[in-house]
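Subject: Structure handover

Hello,

Here is the structure I promised you. Please open it first, then read my notes below.

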Amino acid sequence: MNRIILLGRLTKDPEVRYTNTGKVVCQFTLAVDRPFANQEGQREADFIPVVIWGKQAETCGNSLTKGQRALVEGRLQIRSYDGKDGNKHWVTEVIADRFEFIERKSDFAGRTSAPVAPKAPVQGGMESFGQAVPFDEEIPF
């Protein structure tokens with residue numbers, strides 16, 4: 001079985017193009033952190049090229065930006081071609097059949113600048129029903 005799942009950050013904005021037959025293809029590179037540190041104690045990353053086709057390619061091109069986190073699922077493909085220089089070149093890439101947004105653009109945009117204070121709750125005209133109950137993240141069920 002050839003299946004791969006990657007979670008990483010885009011190294012640059014995705015490139016979208018159309019083939020001669022009109023199919024949409026999107027290419028980008030994910031920087032995926034390794035699960036361990038090197039001898040100097042620093043984390044390293046692998047830079048993995050990703051290709052996605054069709055409607056999802058359009059969505060990626062319109063929605064993803066450099067530095068944004070994305071989850072990609074697909075298969076590993078290794079191919080070769082003869083270059084203009086006459087040498088054989090090998091390409092290893094992930095052909096994605098599915099992706100998910102890990103960060104919204106609005107969340108991601110706020111991350112590059114100073115932290116944003118949480119917004120005050122909007123009054124919904126329900127004040128006559130009593131005092132508002134604060135949000136509690138630790139719901140017991």
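Isoleucine 78 counts as exposed because its relative accessibility is 56%. The cut-offs are these: buried means under 20% relative accessible area, exposed over 50%, and partly exposed in between (1.4 Å probe, protein chains only). Isoleucine 78 sits in strand β5. Helices (H or I, at least four residues) and strands (E, at least two) are DSSP runs, numbered from the N terminus. Together with Leu76 and Trp90, Ile78 forms a nonpolar patch on the surface, with about 350 Å² of accessible area in total. Such a patch takes residues with over 30% relative accessible area and no salt bridge, its nonpolar side chains (Val, Leu, Ile, Met, Phe, Trp, Tyr) being joined within 5 Å. Areas come from the Shrake-Rupley method with a 1.4 Å probe; for residues, only the protein chains shown count as cover.

A word on the source. This is a predicted model: local features need pLDDT of at least 70, side-chain atom pairs count only at pLDDT 80 or more, and totals for chains, interfaces and linings use all residues. Residues are numbered from 1 along each chain as its sequence is written, and side-chain values use heavy atoms, leaving out hydrogens and water.

Now the overall layout. The chain has two helices and six strands. Their order along the sequence is β-β-β-β-α-β-β-α. Of its 141 residues, 23% are buried.

Next, the inside. The largest nonpolar core has 18 residues; Phe28, Leu30, Val50, Ile52, Cys60, Leu64 and Val72 touch the most other members. Six elements each supply at least two residues: β1 (4-10), β3 (24-37), β4 (43-53), α1 (55-63), β5 (69-82) and β6 (88-101). Strand β3 gives the most, with five. A core here is a set of buried Ala, Val, Leu, Ile, Met, Phe, Trp, Tyr and Cys residues joined through side-chain atoms within 4.5 Å.

Phenylalanine 28 touches residues including Leu10, Pro14, Ile48 and Val72, leaving aside those up to four places away in sequence. Contact means heavy atoms within 4.5 Å.

Alanine 70 is in strand β5. It counts as buried because its relative accessibility is 1%. Among its contacts beyond four places in sequence are Leu6, Leu30, Glu100 and Ile102. Leucine 10 is 60 residues away from alanine 70 in sequence, yet their C-alpha atoms are 7.5 Å apart.

How many aromatic pairs does a search of the whole structure find? One. Rings of Phe, Tyr and Trp (its six-membered ring) pair if their centres lie within 6.5 Å; planes under 30 degrees apart count as stacked, over 60 as edge-to-face and the rest as tilted. Phenylalanine 99 is buried at 11% relative accessibility, while phenylalanine 101 is partly exposed at 40%.

Finally, the charges. The whole structure holds nine salt bridges, each a side-chain nitrogen of Lys or Arg within 4 Å of a carboxyl oxygen of Asp or Glu. Arginine 98 and glutamate 100 form one of them, at 2.1 Å from N to O. Shared partners join Arg3, Glu73, Asp97, Arg98 and Glu100 into one network. Glutamate 58 pairs with lysine 55, the closest N and O atoms being 3.7 Å apart. These two residues are about one helical turn apart because they lie three residues apart in helix α1.

Best wishes

Methods:
Patch = residues over 30% accessible without salt bridge, like charges linked within 9 Å, V, L, I, M, F, W, Y side chains within 5 Å.
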